[in-house]
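Biologist: I'm new to this one. Can you walk me through it?
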Amino acid sequence: MIIRSLEYLGPMATRGGWRPPAELPEVAFAGRSNVGKSSLLNRLVRRKGFARVSTTPGRTREIHFFKVNDTFVLADLPGYGYARISKARRAEWRPLIEGYLSGSPQLRGVVQLLDVRHDPTGDDLVMLDFLSDVGVPVIVVVTKVDKLSAAQAAARVTALTTQLGLDPEQVIAFSARTGEGRDELAAAVEALVRGADAPPTP
Ligand SMILES: Nc1nc2c(ncn2[C@@H]2O[C@H](COP(=O)(O)OP(=O)(O)O)[C@@H](O)[C@H]2O)c(=O)[nH]1
Ligand SMILES: [Mg+2]
């Protein structure tokens, strides 16, 4: 995937609030806070500071939309489950994220991030359950694999795949530090945008 253009479209702040017109296919990125989502997005689009808007204080609880190459829209979902905020506050992501996911027929897939070093949290499992209810294709990216040895990381990826009942084809090992998995992720996102049944473009 070569990024020819990238345009920030704006934020969705509340369930049923503003969102971009549903003209283009969308792919959303989800994960708990600190899982490495901003770093992954910066790597994916090869633009340092691309995700800056999503880290501006006060804007981290919105969904941020970016138009890529005039062909698809990337939705950066708010990070959830930050340990140091209250339980009520932690649950705020649910109506917005669930409203977006269930109310976006142009959504072609969701990239769900999990940290290689941790078992999925309760919030991760809620999210994965919800995605399977919605029936949208899911790619699981296992982040920060550089934090472990190659053998340990591979074992963790296998364990997570088994634990979550995923198809190994759905799971990508990724490091924003080394760039491992970047091209595989880009290809997977392109495949989602095309739709699983569409023939690959040459
Ligand atoms: N070693 C390593 N650290 C990472 C990687 N990705 C993110 N981090 C670090 O993890 C922390 C959270 O990353 P960030 O991208 O802001 O996570 P976000 O909250 O999900 O957007 C930061 O300190 C990053 O430098 C990675 O692939 N490898
Ligand atoms: Mg972030």
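Biologist: What kind of model is it, and what does pLDDT average over the protein?
Modeller: This is a predicted model. The protein averages a pLDDT of 89. At least 70 is the score for 87% of the residues.

Biologist: Where does pLDDT stay under 50?
Modeller: Over residues 198–202. The model has one contact beyond four places in sequence for that stretch. Where pLDDT is low, the coordinates should not be read in detail.

Biologist: OK, layout. How many helices and strands are there?
Modeller: Seven helices and seven strands. From the N terminus, the elements run β-β-α-α-β-β-α-α-β-α-β-α-β-α.

Biologist: What share of the 202 residues is buried?
Modeller: Buried residues make up 38%. As for contacts with a separation of 6 or more, 72% come from residues 24 or more positions apart.

Biologist: Now the sheet. What is the strand order?
Modeller: E1-E3-E4-E2-E5-E6-E7, in an open sheet of seven strands with mixed pairing.

Biologist: Which strands stand at the edges?
Modeller: E1 (6–12) and E7 (171–173). Each has a single partner strand, so one side of each lacks a neighbour in the sheet. On average, neighbouring strands are turned by 20° against each other, direction ignored.

Biologist: And E2, which strands does it pair with?
Modeller: E5 and E4. E2 (residues 26–30) runs parallel to E5 (residues 107–115), joined by five bridges. Glu 26 stands opposite Leu 107 in E5, and Phe 29 has Val 111 as its bridge partner there. With E4 (residues 72–76), E2 pairs in the parallel sense over four bridges. Val 27 faces Leu 74 in that strand.

Biologist: Is E2 buried or exposed?
Modeller: Buried. Five of its five residues are, so E2 is largely enclosed by the rest of the structure. Glu 26, Ala 28 and Ala 30 lie on one side, and Val 27 and Phe 29 on the other. Side chains alternate between the two faces in a regular strand.

Biologist: Which strands does helix H5 touch?
Modeller: H5 (residues 122–134) packs on the sheet, touching E2, E5 and E6 (138–143). Its direction makes about 160° with that of E5.

Biologist: Switching to ligand 1. Which residues come nearest?
Modeller: Gly 36, Lys 37, Ser 38, Ser 39 and Ala 176, out of 16 around ligand 1.

Biologist: Which helix gives the most to that shell?
Modeller: H1 (residues 37–45), with three residues.

Biologist: What classes make up the shell?
Modeller: Two nonpolar, nine polar and five charged residues.

Technical notes: Residues numbered from 1 in each chain as written. Chains lettered and ligands numbered in written order. Predicted model: local features only at pLDDT ≥ 70, side-chain atom pairs only at ≥ 80, totals over all residues. Near = placed C-beta within 6 Å. Helix = DSSP H or I, 4+ residues; strand = E, 2+ residues; numbered from the N terminus. Nonpolar A, V, L, I, M, F, W, Y, C, P; charged D, E, K, R; others polar. pLDDT = per-residue confidence, 0-100. Contact = placed C-beta atoms within 7 Å. Pairing = 2+ DSSP bridges. Axes fitted to C-alpha atoms, helices over the stretch in contact; angles between N-to-C directions. Buried ≥ 20, exposed ≤ 12 C-beta atoms within 10 Å, placed from the backbone.
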